[in-house]
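Subject: A structure for you to look at

Hi there,

Here is the structure I promised to pass on. Please open it beside this email and keep it in view while you read.

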Amino acid sequence: MNNKLLSALFAAGFAVMMMSSTSFAADETLAEFHVEMGGCESCHANEEPSADGAYEFEQCQSCHGTLAEMDENHKPHDGVLMCADCHAPHEAKVGDKPTCDTCHDDGRTAK
């Protein structure tokens, strides 16, 4: 099969999987969504936040991959930011996506 067909099949399968097996309330936070996977310990050691967020960052990467492995929006932040810097898990709702202008004046220069 060619790459375009494989990509289309993967995207369709992923969409079906997301609609059927993963459900969340529109007002559910990222933390509430993730706690369904194993309690607070799915992100925190001993259910307590770490002082520097490094443990939680490692937990994000263990499921989602490193920033360097992600899309072009994430790659420039590798080694500079941690996931929770943009995706505040206890405040952000599932599906909320920060935009460049959340932190950057023109999409490139930090405020």
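Below is what I found in it, starting with the overall picture and ending with single residues.

A word on the ground rules. This is a predicted model, in which local features need pLDDT of at least 70 and side-chain atom pairs count only at pLDDT 80 or more, while totals for chains, interfaces and linings use all residues. Residues are numbered from 1 along each chain as its sequence is written, and side-chain values use heavy atoms, with hydrogens and water left out.

**The overall picture**

The protein has four helices and zero strands, so its pattern along the sequence reads α-α-α-α (helices are DSSP runs of H or I with at least four residues, strands are runs of E with at least two, and both are numbered from the N terminus). Of the 111 residues, 15% are buried (buried means under 20% relative accessible area, exposed over 50%, and partly exposed in between, with a 1.4 Å probe and protein chains only). Among contacts with a separation of 6 or more, 41% join residues 24 or more positions apart (a contact means heavy atoms within 4.5 Å).

The mean pLDDT is 81, and 73% of the residues reach 70 or more (pLDDT is the predictor's confidence in each residue, from 0 to 100). Where is confidence lowest, and where is it highest? It is lowest in helix H1 (residues 3-21), with a mean of 50, and highest in helix H3 (residues 54-64), at 96. Over residues 13-22 the pLDDT is below 50, and this stretch has two contacts in the model beyond near neighbours in sequence. Where pLDDT is low, the predicted coordinates should not be read in detail.

**Cysteines and charges**

How many disulfides does a search of the whole structure find? The search gives zero (a disulfide is a pair of cysteine sulfur atoms within 2.5 Å). For Cys-86, the closest cysteine sulfur is in Cys-103, 5.1 Å away, which is too far for a bond. Cys-86 is partly exposed at 34% relative accessibility, and Cys-100 is partly exposed at 43%.

The structure does hold one salt bridge (a side-chain nitrogen of Lys or Arg within 4 Å of a carboxyl oxygen of Asp or Glu). Its partners are Lys-75 and Glu-72, at 3.3 Å from N to O. Side chains of opposite charge can pair when their charged atoms come close. Lys-75 is partly exposed, at 36%, whereas Glu-72 is exposed, at 59%.

Start with Ser-42, in the loop between helix H2 (30-35) and H3. Ser-42 is partly exposed, with a relative accessible area of 22%. A polar atom of the Ser-42 side chain lies 2.8 Å from the backbone oxygen of Gly-39. Setting aside residues up to four places away in sequence, Ser-42 touches His-34, Val-35, Met-37 and Gln-59.

Then try Phe-57, in helix H3. Is Phe-57 buried or exposed? Phe-57 is buried, with a relative accessible area of 16%. Apart from neighbours within four places in sequence, Phe-57 is in contact with Leu-67, Leu-81, Met-82 and Cys-83. Phe-57 and Met-82 are 25 residues apart along the chain, yet their C-alpha atoms are separated by 6.0 Å.

Enjoy exploring!

Technical notes. Polar contact = N/O pair within 3.5 Å; in protein donor to acceptor, adjacent residues only side chain to side chain.
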